[in-house]
Amino acid sequence: MPRYECRCRTCGDTFELSRPMAESAAPAACPAGHDDTVKLLSAVAVGGTANAPAPRAGGGGGGGCCGGGCCS
């Protein structure tokens, strides 16, 4: 279930909320009971190799710090 970060405009408290995506826009009260809250925009980092360059045919690289330039 997704987690949403919210901030209360009344007291300034920031809190997290777990709810289904279908309810992501529903109003949320802060833990202190205030109703004037806003959902914060969160950056999400996803790891993977989808954008990694393809290895060159025939080698020529090596590994390491500069494509093999400073590592033997």
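**Entry 1, the largest pocket.** I began with the lining of the largest pocket in this predicted model, and by class I find five nonpolar, one polar and four charged residues there. The residues that line this pocket are P2, R3, Y4, E5, E16, K39, L40, L41, S42 and V44. I then looked up the volume of the largest pocket, which comes to about 180 Å³. Asking which element gives the most to the lining of the largest pocket, I find that strand β1 does, with three residues.

I next went through the secondary structure, which comes to zero helices and three strands, and from the N terminus on the elements run β-β-β. I also noted the burial of the chain as a whole: of the 72 residues of the protein, 11% count as buried.

**Entry 3, the sheet.** In what order do the three strands of the open sheet stand? I read the order as β2-β1-β3, and the pairing is antiparallel. The edge strands are β2, residues 14–18, and β3, residues 37–39, each of which pairs on one side only. From one strand to the next, I note a twist that averages 35°.

Taking the pairs in turn, I find that strand β1, residues 3–8, is joined to β2 by five bridges and that the two run antiparallel. Towards β2, I see R3 standing opposite S18, while R7 has T14 as its bridge partner. On the pairing of β1 with β3, I count three bridges, again in the antiparallel sense, and here R7 stands opposite V38 of β3. For β1 itself I asked which residues make up the covered face and which the uncovered one. The covered face has Y4, C6 and C8, whereas R3, E5 and R7 are on the uncovered face.

How many salt bridges does the count come to? I find two. In one of them, the side chains of E16 and R3 meet at 2.7 Å, N to O. E16 lies in strand β2 and R3 in strand β1, so this pair ties together parts that are 13 residues apart in sequence. I checked the accessibility of R3 as well: with a relative accessible area of 54%, R3 is exposed. Both E16 and R3 are also named among the residues that line the largest pocket.

I then turned to the side chains of D36 and R9, which meet in a salt bridge at 3.7 Å, N to O. This pair links distant parts of the chain, with D36 in the loop between β2 and β3 and R9 in the loop between β1 and β2, 27 residues apart. Is D36 buried, partly exposed or exposed? I find a relative accessibility of 36% for D36, which counts as partly exposed. R9, with a relative accessible area of 54%, is exposed.

In my notes on β1, C8 is listed on the covered face.

How far apart are A32 and T10 in space, C-alpha to C-alpha? I find 9.7 Å between them, for a separation of 22 residues in sequence.

Conventions. Residues are numbered from 1 along each chain as its sequence is written. This is a predicted model: local features need pLDDT of at least 70, side-chain atom pairs count only at pLDDT 80 or more; totals for chains, interfaces and linings use all residues. Side-chain values use heavy atoms; hydrogens and water are left out. Two strands pair if DSSP finds at least two bridges between them. Helices (H or I, at least four residues) and strands (E, at least two) are DSSP runs, numbered from the N terminus. Axes are lines fitted to C-alpha atoms, for helices over the stretch in contact, and angles run from 0 to 180 degrees between N-to-C directions. A salt bridge is a side-chain nitrogen of Lys or Arg within 4 Å of a carboxyl oxygen of Asp or Glu. Buried means under 20% relative accessible area, exposed over 50%, partly exposed in between (1.4 Å probe, protein chains only). On a 1 Å grid over the protein atoms alone, a cavity is a set of points where a 1.4 Å probe fits but cannot get out, and a pocket is an open set with protein on both sides within 12 Å along at least five of seven lines; lining residues have an atom within 4 Å of a point. Grid points are joined across faces, edges and corners, and a volume is the space filled by probe spheres set on the points. Ala, Val, Leu, Ile, Met, Phe, Trp, Tyr, Cys and Pro count as nonpolar, Asp, Glu, Lys and Arg as charged, and the others, Gly among them, as polar.
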